[in-house]
Amino acid sequence: MDYQLANKTALVTGGGRGIGRAICKALTNEGVRLAVCDINLESARETAESVRKNGKEAFPFRLDVSRPVEIYDVVAQVRIRFGKIDILVNNAGICPRIPIDAIKEDDFDRIVGVNLKGTFFMSQALASIMKEQRSGSIINISSIGARTGGVAASSVYAATKAGIIALTKSYARLLAPYATANAIAPGVVDTDMMKIPEEQVNSIVAQIPLGRMALAEEIASLVLFLASPAASYFTGATLDVNGGCFMY
Ligand SMILES: NC(=O)c1ccc[n+]([C@@H]2O[C@H](COP(=O)([O-])OP(=O)(O)OC[C@H]3O[C@@H](n4cnc5c(N)ncnc54)[C@H](O)[C@@H]3O)[C@@H](O)[C@H]2O)c1
C-alpha cells in the first residue's frame with residue numbers, strides 16, 4: 001500500500017523501543033524523514049541507526065516530554081534540521097503498576113507529567129508550526145484503559161489516557177481546517193510495558209476475542225493511515241484497536 005508519505009517529516013516521542021520504534025520503522029519505510037525522540041538517548045540512537053541501515057534518514061534526540069522547556073528546544077532543533085514538521089506522534093508513555101490506594105502524590109505527578117502534560121505541550125509546540133504551514137497531522141497514543149478505567153493498578157494511567165482523547169478533540173478544533181489531530185487506543189500490545197507475570201498475561205489474553213496481544217507493527221500501520229491522505233477527513237477521532245477486547 002502506498003500511503004503517499006514520501007518526503008514528509010515526522011517527530012516521534014518514545015521512539016526508542018516498543019510501539020514507538022515500530023512507528024519509526026514504518027514511517028521511514030514510507031520515505032518519511034524522522035526525528036526519534038526518547039528520554040533514553042541510547043535507545044533513540046539504536047532506533048535511528050537501525051532505520052539508517054536501510055538507507056533511511058533518522059536523527060536521535062534526547063527528550064523528556066514531561067519538561068516543556070526541553071520540548072520547545074528539541075522542536076526548534078528538528079524544525080531547523082528539516083525545515084518543516086508534518087507529523088507528530090505523541091507515543092511516549094509510562095504505566096507504573098501501583099494499587100489505587102497506594103498511589104502517592106509523586107507517582108500521580110510523574111504519570112500525569114509524562115502522559116498528559118507531555119502530550120499537551122508537544123501538541124502546543126507543533127500546533128503553531130502546523131497552523132503556520134497550513135498542514136500537518138498529530139497522532140496521539142491513548143489506550144483501552146481510557147475506555148475501561150484500566151485495572152486497579154493503572155488508575156492514574158487510565159485517567160491520563162482518557163485525558164489524551166479529550167486533548168485530541170481540543171487540538172482537532174484548534175488545527176482545523178488545515179491540520180488534523182487523531183488518537184489511537186490500543187488494547188494489549190506485546191512490548192516491554194507488558195512484561196508482567198505469565199499467568200496475568202494468560203488471563204488478559206483469555207478475554208481478547210482475537211486470542212492474542214497486538215504486535216507493535218499493528219499499531220504502527222494505523223499511524224501510517226492517519227498520517228496519510230486516505231485519512232484526510234478524520235479529525236478528533238479515536239481509533240480503537242484491541243482485538244475485540246472492548247467494543248461499544
Ligand atoms: N503496550 C501496551 O499494551 C499498550 C497499550 C495501550 C497503549 N500503550 C501506549 O503506547 C505507548 C508506547 O507504549 P510501549 O508499550 O511501546 O511502551 P514501552 O515502555 O515499551 O516504551 C515507551 C518508550 O517511551 C519512552 N519514555 C518514557 N518516558 C519518557 C519521557 N518522559 N519522555 C520521552 N520518552 C519517554 C521510554 O524510554 C520508551 O522508549 C505508550 O503511550 C503506552 O501508554 C501501550
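1. Helices (H or I, at least four residues) and strands (E, at least two) are DSSP runs, numbered from the N terminus.

2. Residues are numbered from 1 along each chain as its sequence is written.

3. As to confidence, pLDDT is the predictor's confidence in each residue, from 0 to 100; the chain has a mean of 96, and 100% of its residues reach 70 or more. Within the chain, β5 has the highest confidence, at 99, and helix α7 (residues 198-205) the lowest, at a mean of 91. Where pLDDT is low, the predicted coordinates should not be read in detail.

4. The sheet is open and has seven strands in the order β3-β2-β1-β4-β5-β6-β7, with parallel pairing, where two strands pair if DSSP finds at least two bridges between them. Because β3 (58-62) and β7 (238-241) stand at the edges and have a single partner strand each, one side of each is left without a neighbour in the sheet. From one strand to the next, the twist averages 15°, with axes taken as lines fitted to C-alpha atoms, for helices over the stretch in contact, and angles running from 0 to 180 degrees between N-to-C directions.

5. Two of the pairings can be followed by residue. β5 and β6 run parallel and are joined by five bridges; Asn140 has Ala183 in β6 as its bridge partner, and Ile139 stands opposite Asn182 in β6. β6 also pairs with β7 in the parallel sense, over four bridges, and the bridge partner of Ala185 in β7 is Asp240.

6. α6 lies across β5, β6 and β7 and runs at about 160° to β6.

7. How many residues of β6 are buried? Seven of its seven residues are buried, a residue being buried if 20 or more other C-beta atoms lie within 10 Å of its own, exposed if 12 or fewer, and partly exposed in between, with C-beta atoms placed from the backbone. Both faces of β6 are covered, with Thr180, Asn182, Ile184 and Pro186 on one side and Ala181, Ala183 and Ala185 on the other.

8. Gln4 is found in the segment before β1 (9-13) and counts as exposed because it has 12 C-beta neighbours inside 10 Å. Arg134 lies in the loop between α4 (105-133) and β5 (137-141), and its 10 C-beta neighbours inside 10 Å are why it counts as exposed.

9. Around the ligand there are 30 residues, of which Gly14, Gly18, Gly93, Thr191 and Met193 come nearest; a residue is near a molecule or strand if its C-beta atom, placed from the backbone, lies within 6 Å of it. Helix α1 (residues 18-29) gives the largest share of this shell, three residues. The shell divides into 14 nonpolar, twelve polar and four charged residues, where Ala, Val, Leu, Ile, Met, Phe, Trp, Tyr, Cys and Pro count as nonpolar, Asp, Glu, Lys and Arg as charged, and the others, Gly among them, as polar.

Technical notes. This is a predicted model: local features need pLDDT of at least 70, side-chain atom pairs count only at pLDDT 80 or more; totals for chains, interfaces and linings use all residues. Two residues are in contact if their C-beta atoms, placed from the backbone, lie within 7 Å.
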